Amino acid sequence: MSNDAKPHEPQTVPASNSRRSAVLVPYLPSIAIFVVAVIYGTVSSPYFLNFSAILVNSGRYVEIGMLALGLTLVIINGDIDLSVASNLAVSAATMGLLLEGGVPIQLAALAALAVGMGLGAINAVFIVGMGLPSLVVTLATLALYRGLAQIILGDHAVTAYPEEFIGVDQVSLLGDIAIVPMPLVMLIGFALLFGFLLSRTNFGISCYLTGSNQQAAKFSGIRIDRTRATAFMLTGLMAGAAAVMMTSRLGSTLSNVGLGLELLAITVVVLGGTSIFGGRGTVLGTIIALFAVMAVRESLVISNVNGQVQDALVGVILIVAIVVPQTVTRFRERVSTKRLR
Amino acid sequence: MRKVRRLTGIVALAASTTMILAACSGGESSTEETATEEAVVVEETSAEATEENSGEALRMTYIPKNLGNPYFDAIVKGLNETAPGLNMTVEVVAPAQAGATDQIPFIDAAIQQEVDAIAISPNDLDALCPSLKRAMAAGIWVLTVNGDTAPDCRDASITPVDFSQLGKYLVDLTAEVTGGEGEWAFLSATSTAPDQNSWLEGAAEYIAGGSSPAGLTLVDTVYGDDAPDKSSTEAQALLTKYPNLAAINAPTTVGIAAAAQVLSQSPKKGQIQVTGLGTPNQMREFIKDGTVKKFALWDPSLQGVIAANLIAGLQNGTIKAGEQVKFDVPGVGERTMAGADRIIIAGDPQEFDASNIDDFDF
Amino acid sequence: MNPLTVTSTWRSLGRLREAGIAGVVVLLIVIFGSLNPLFLDRDNLSSIVVSVGILMILAIGQMLVIITRNIDLSVGSVLGLSAMVMGMVGRELPEMPTYLLILIAMLVGALAGAVNGILVAVARVPSIIATLGTLAIFRGLTFLVSNNVQVDPEDVADEMQDLASSGPLGIPWLVIFAAIVVVLAWWFTTRTMSGKRLYAIGSNPEAAEMRGLNVLGMTFGVFVLMGALAGLGGAMYVARFATVNPADAGLGFELAVISAVVIGGTNIFGGSGTVIGTVLGTMLVGILSNGLTVVGVSGFWQRFASGAIILIAIIADSFVRKRIERRQSNQTMARVR
């Protein structure tokens, strides 16, 4: 999304002594949703507060989280990537195909990462190299890559995965002492890495600047092309990693995995306070939002709520989470400008 | 610097809180058991079950492919009618889309809810296995209804009719409506659906075997993906590709309705026959306007009745899961859990035509 | 830079592009026709035209939304919701006249569009987020409203079903409705002030606001219009398929609709786009899909092909646009010297 193409955005005007609390504002919606969801879950089902069970089920959310981490960078840059889930499918399909061809699982998994990054690079060629709008390009590659995954795998599913590889989502780091699922640890690791990238490196600063005002950033000497391309490639890499994790969790590879995952990942990113127009957002916000979405879905599914209604509620939450802070900010703005007079 | 510190601090806090809570929580710790563990031995489970079952209602969760499908509603009807009499409650939940992995969260939730049994109409052969095996390891009965997964992921499977014979049945059905002569094509669902593929293979074997009606020629198999618009497009394309087409056989409720709709609005109505598997309510209009002479299905609710009785029997020990077990279903008759894969056939196909179309409601 | 030069250059660029798409459409027809002569068979062509008809109605609405620099991802769900409500009303009240049922569908669609409009215009939620949310919300509503029960062909009046297959002079009413929508949209975008204002809002919303244009009102209006058109599409869906399943109806339509609009030359950043381009883009998508099926290309490749076509279209766009820009800056440089 080009930066000179932004409709009017309300600016935050921090009042004198609320600067500290202003930092927390982007996370408030997610935290509030998390709390409400947990309360709802506890009230509506006696089985909800079973933390070990929830952690056991957390594998699929970790996959979403991995996609969301990459997407956070892309969206902060002012771009968008709708093709992440299809990217995941191709990476998984490649891994499966290689495995069937006799390649050892470790190499096949590495290949999945490489393929993921490669597909991200292809996106970058079109978007950064040719200057095409990211929304349309990734809409096209969403279909292109999904078709590719189906072409690679055809009808059949690959199931011949070695025992040691399957079920990584069930592995607990501290065994019986405390249930710490491996995927969650990996997610936190990735989150720390991405958080570091975003807040402590030049790359991170470039992301924010590129997202806020591309022209100004270019004139300031920021290598916006490199920044944007790196973000797409990192996202592709995370899609490949998520593919490996998903395959381990399911024990099989099919061509229609991850359908619709990209929308959920984008929901998580936006819910976490990242502006869809770019220039604002944090990894911490994305992670908190991920937990919020997890709490919502788990509390709903344990209360026997159907898929469509779950999706609809996530939609409501997304919209409310955007509308409420914006309204509050605009109200505060009006109040403080009144005070200035 | 402050930001990083805050970030690390919050993450550490969250991680440690989670760990503490997890350590403190009672709950079933089925995490150490890997997905490859074998199904629980029958003897142990039924003994355990009779201990626990002190008059409390049995809890079963049924997970169809998705909701809003009249076919699965009929299965649910069968379950709901039988369950109260067996001191059983049934919870029906389903995902929004019929994707391969969309049912997994619901299986996991059922495990978390410590239900007694899970019945599922699976969307995939293998992807559900890790969760289903965890369910079995937790002492939950797992039954597949109307479709199957890999055999070691469930205790038993109920198929509506003998799937191994259904391919042949479909070919013969085509012969009946065309008078035994002509070119015809299959309009299937998705190319990855295991039950569809087993029927198509059965049909191919029957045709290759040489005992199928000689005048019939199967010219094509196309896939409508269980989507109305894709199925319509494929049906229309068949008419264009094969000008001498005599029949379309769609063994899927979405496909047959789409093909029938296309033909009923086309000048070739009545010339090209539409048949296959469909629900009476959806097809009634087409029987009445002459587009479809005859189609078939079976009574899906029968599977629900059998499923409820089977679970009740397994739980209180009157039925033992095994390779060749006969059991009686009140009001239905005797059924057999057959073969190493423990498959139960619910009944026989039912044909629908103008003479009986009004007698059914599903 | 002489503004007149810019406008006329853009216009001739636009016409060149439209000619290009038309050329591709003709080429595809020729290719598919030669691969299977029955592709040109009357039945097949009318089937293409009917399926394109529904897409066309939706694409026109989406084009208007995109021109204002917004997007509507919820079209499929709105179509499904209106189709379901109309189907249910038709089932309960079989004597209700067809035209009234269609109006009901359009009303439901317009209401849904109004929700989108309020979110985007009043609450200032970015349209991509708002419609991402309403995509799921309207689908959930369809479910609740239908109580999980689908609408069957016997519930749909024959008169309604005939709309998709018969009409005056052998042209199905569905196609006529689509044509009316196209003509009205063409007139609106080229011959009315409001239409031109729509383009202004999309090109530069801040400037439009400052000039006193009612950005809020027009944005709201364009979403309501999109909703009403999606409702009409829903009614046509019922006419064509005669089955409305709460989970399937309209699922995934947004991809095809947006592809058609983009291929037709509408800029995703707003401010430009023609009805003729959208019509041609829709025809391209429809013919490609039908043609690939008739020729026997497997479904897997079709997904791949639709993605490729979008890429080709926007690459071609960008290529031509850059050449124009270069030529214009050369002209300016020449004049400055």
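Let's start with the contact between two chains. Chain C puts 30 residues into it, and chain B puts in 28. Keep in mind that this is a predicted model.

Which elements of chain C give two or more residues to the side that touches chain B? They are α2 (42-67), α5 (127-146) and α12 (275-295) of chain C. Now the make-up of that side of chain C. Ten residues are nonpolar, 15 are polar and five are charged.

Now into chain B itself. Chain B is divided into two domains. Domain 1 takes in 38-161 + 300-347, and domain 2 runs over 163-297. How far apart are the C-alpha centres of the two domains of chain B? They lie 31 Å apart. Seven residues of domain 1 of chain B meet eight residues of domain 2 of chain B. On the domain 1 side of that contact, four residues are nonpolar, two are polar and one is charged.

Next, the sheet in chain B. Four strands make it up, and it is open. Read the order as β7-β6-β8-β9 of chain B, with parallel pairing. Why is one side of β7 and of β9 in chain B left without a neighbour in the sheet? Because β7 (216-223) and β9 (273-276) of chain B stand at the edges, each with a single partner strand. From one strand to the next, the twist averages 25 degrees.

Strand β6 (residues 182-188) of chain B and strand β8 (residues 245-250) of chain B are parallel, over four bridges.

On to the hairpins. Strand β11 (residues 325-329) of chain B runs antiparallel to strand β12 (residues 333-338) of chain B, and five bridges join them. Find B:D328 and look across: B:E334 in β12(B) is opposite. Three residues sit between β11(B) and β12(B) in this hairpin. In the turn, B:G331 has a positive phi of about 85 degrees.

β12(B) has another antiparallel partner to look at, strand β13 (residues 343-345) of chain B. Two bridges join β12(B) to β13(B). B:M337 has B:I344 in β13(B) as its bridge partner. The hairpin of β12(B) and β13(B) has four residues between the strands. There, B:G339 takes a positive phi near 75 degrees.

Last stop, back in chain C, with a helix pair. Helix α3 (residues 75-92) of chain C packs against helix α10 (residues 215-241) of chain C. The angle is about 55 degrees, and the axes are 7 Å apart. That angle makes α3(C) oblique to α10(C). The crossing of α3(C) past α10(C) is right-handed.

Which residues make the contact? From α3(C), they are C:V75, C:V78, C:L79, C:G80, C:S82, C:A83, C:M86 and C:G87. From α10(C), they are C:G227, C:A230, C:G231, C:G233, C:G234, C:A235, C:Y237 and C:V238. By class, the contact of α3(C) with α10(C) has nine nonpolar and seven polar residues, and no charged ones.

Definitions and conventions
Residues numbered from 1 in each chain as written. Chains lettered and ligands numbered in written order. Predicted model: local features only at pLDDT ≥ 70, side-chain atom pairs only at ≥ 80, totals over all residues. Axes fitted to C-alpha atoms, helices over the stretch in contact; angles between N-to-C directions. Parallel < 35°, antiparallel > 145°, perpendicular 65-115°, else oblique. Left-handed = near helix turned anticlockwise from the far one by under 90°. Contact = placed C-beta atoms within 7 Å. Nonpolar A, V, L, I, M, F, W, Y, C, P; charged D, E, K, R; others polar. Pairing = 2+ DSSP bridges. Domains from an automatic or database assignment.
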